[in-house]
Amino acid sequence: MSRRHSRVLAAVLAIVDDAAITTSIAFRRRRKQHWIGPTKKIIALVFESPPVMLDYVSLEADLDQEERMIRDTAREFVDEHVKPDIGDNFEEGTFPTELIPKMGELGFYAPNLEGYGSPNVSETAYGLLMQELEAGDSGFRSMVSVQGALVMYPIHAYGSEEQKTEWLPKLGQGEAVGCFGLTEPEHGSNPSAMNTSAERDGNDYVLNGSKTWITNSPISDVAIVWARDRSVDDQPVRGFLVETDRDGVTTNKITDKISLRASITGEIGLNDVIVPEENVLPGVTGMKGPLSCLTQARYGIAWGAVGAARDCFEQARQYALDRDQFGGPIARFQLQQEKLAEMATQITLGQLLVYRLADLKERGDLRPQHVSMAKRNNVRMARDQARVAREIIGGNGITTDYSPMRHMANMETVYTYEGTHDIHTLILGEDLTGIPAYQ
Ligand SMILES: Cc1cc2nc3c(=O)[nH]c(=O)nc-3n(C[C@H](O)[C@H](O)[C@H](O)COP(=O)(O)OP(=O)(O)OC[C@H]3O[C@@H](n4cnc5c(N)ncnc54)[C@H](O)[C@@H]3O)c2cc1C
């Protein structure tokens with residue numbers, strides 16, 4: 001029995017009253033119930049690992065049919081296509097690009113948009129999708145949220161009819177891949193200081209500059225490039241659709257990452273790249289363009305981080321039940337139980353926050369600062385809990401046979417991209433006091 005594919009049978013005994021089982025942990029996969037004794041009903045739930053999906057306060061009980069279906073589809077996709085190879089992908093620094101159209105077929109790219117092939121599912125359904133994908137690996141959630149929230153969303157919100165018709169169906173199906181070019185080598189947390197420029201030349205624009213740390217850029221067909229329009233007096237930031245096969249575009253891969261390894265990251269070089277004016281996103285001018293996209297993506301990250309933390313919890317809990325030391329499972333030690341209790345509590349608090357955000361988003365009351373709070377809190381929570389989970393798994397925990405160390409490494413990126421933890425602190429600080437403290 002290999003560790004990677006461990007199929008350890010475990011039994012949980014629950015003493016219940018005459019009513020149905022009310023445990024709030026849903027046991028999935030090959031569940032068997034053994035009734036022991038007619039009066040005192042002791043139920044042994046026998047399952048294969050990893051069996052639990054932590055939902056301690058039964059938030060999933062309120063999901064509608066479509067939301068359950070999307071959650072289950074994503075869980076099955078992760079079980080079948082992500083988990084078996086993710087340790088190898090992480091070690092090798094590869095992303096299985098052959099799954100990109102498969103994820104399109106399953107409707108993973110921006111299903112919360114309406115029209116052009118997108119079904120306009122609920123914000124809860126979208127969040128659950130992000131949660132399940134990140135339970136697999138942050139690299140998958142990153143690929144999907146860049147494609148959906150950072151590429152399809154701006155085209156949908158600010159694009160011309162021609163841009164929408166040309167790109168949204170292809171991107172939605174995973175027949176084309178997109179990336180979002182905002183960060184520059186000298187401008188990360190302060191993207192408004194960007195140097196990338198666009199100069200009008202007749203009916204065209206000429207783009208120059210460089211972007212870095214761009215998820216998907218080496219495999220992209222199109223990049224949304226944010227650049228300052230130098231032909232206008234106040235040099236506003238504009239969004240440009242730049243096909244990556246245009247002359248002067250380079251997309252070198254960044255290879256030496258030790259976080260988010262199962263994700264393709266690169267640069268975008270723009271050297272006198274000519275794009276027609278039809279490639280400008282007509283519906284937005286200024287930093288509102290990129291920042292509004294980031295709000296969409298950060299919403300998904302806040303959900304996704306809960307998925308990563310939940311996966312860590314499940315692995316740690318199972319390990320604690322399976323691992324014997326000093327004559328019995330380490331789960332019987334109070335020290336280990338305290339860790340599990342704290343993990344379950346923190347994950348549940350993170351879940352409550354994102355479910356509330358979904359309601360606010362649905363009714364149009366979600367503010368970017370709400371999203372900052374959730375991204376900031378949930379990613380920190382996942383980063384902290386991944387470390388605790390690794391601790392419970394002991395020496396085995398530092399291998400790719402178990403997910404927590406991989407999630408922990410991934411969370412270093414997630415903590416930093418889409419606004420660092422510090423920047424979200426400053427956003428909240430400004431919202432709470434009215435005083436900006438960025439400079
Ligand atoms: C794997 C990966 C994928 C990414 N994908 C994309 C992508 O697809 N598209 C894209 O455009 N970008 C992407 N990014 C870039 C990411 O958004 C930036 O790394 C992030 O915004 C931080 O910028 P920086 O790395 O330049 O850090 P800096 O801005 O240089 O910050 C360094 C440190 O200083 C702190 N700091 C900065 N300003 C302040 C301040 N005012 N007060 C207090 N502390 C401050 C920061 O919190 C941080 O701790 C990605 C990054 C990574 C690592």
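Reply: Start with the domains. Domain 3 (179-279) and domain 4 (290-433) each give at least three residues to the shell around the ligand. Keep in mind that this is a predicted model.

The shell has 22 residues. The closest are Leu182, Gly188, Ser189, Thr420 and Asp422. By class, eleven residues of the shell are nonpolar, nine are polar and two are charged. Strand 8 (178-181), strand 10 (204-215), helix 10 (404-416) and helix 11 each supply at least two shell residues.

Now follow helix 10 to a partner, helix 7 (residues 288-322). Their axes come within 10 Å and cross at roughly 160°. Angles over 145 degrees count as roughly antiparallel, so helix 7 and helix 10 are roughly antiparallel to each other. Their crossing is left-handed. Helix 7 brings Ile301, Ala305, Ala308, Asp311, Cys312, Gln315 and Ala316 to the contact. Helix 10 answers with Pro404, His407, Asn410, Met411 and Val414. Eight residues of this contact are nonpolar, three are polar and one is charged.

Helix 11 (residues 421-433) has a contact with helix 9 (residues 368-392). Here the axes come within 9 Å and cross at roughly 140°. Helix 9 and helix 11 are therefore oblique to each other. This crossing, too, is left-handed. From helix 9 come Gln369, Ser372, Met373, Lys375, Arg376 and Arg380. From helix 11 come His421, His424, Thr425, Ile427, Leu428 and Asp431. The contact of helix 9 with helix 11 has three nonpolar, five polar and four charged residues.

Note on methods: Residues are numbered from 1 along each chain as its sequence is written. This is a predicted model: local features need pLDDT of at least 70, side-chain atom pairs count only at pLDDT 80 or more; totals for chains, interfaces and linings use all residues. Axes are lines fitted to C-alpha atoms, for helices over the stretch in contact, and angles run from 0 to 180 degrees between N-to-C directions. Helices (H or I, at least four residues) and strands (E, at least two) are DSSP runs, numbered from the N terminus. Angles under 35 degrees count as roughly parallel, over 145 as roughly antiparallel, 65 to 115 as roughly perpendicular and the rest as oblique. A crossing is left-handed if the near helix is turned anticlockwise from the far one by less than a right angle, and right-handed if clockwise. Two residues are in contact if their C-beta atoms, placed from the backbone, lie within 7 Å. Ala, Val, Leu, Ile, Met, Phe, Trp, Tyr, Cys and Pro count as nonpolar, Asp, Glu, Lys and Arg as charged, and the others, Gly among them, as polar. A residue is near a molecule or strand if its C-beta atom, placed from the backbone, lies within 6 Å of it. Domain bounds come from an automatic or database domain assignment.
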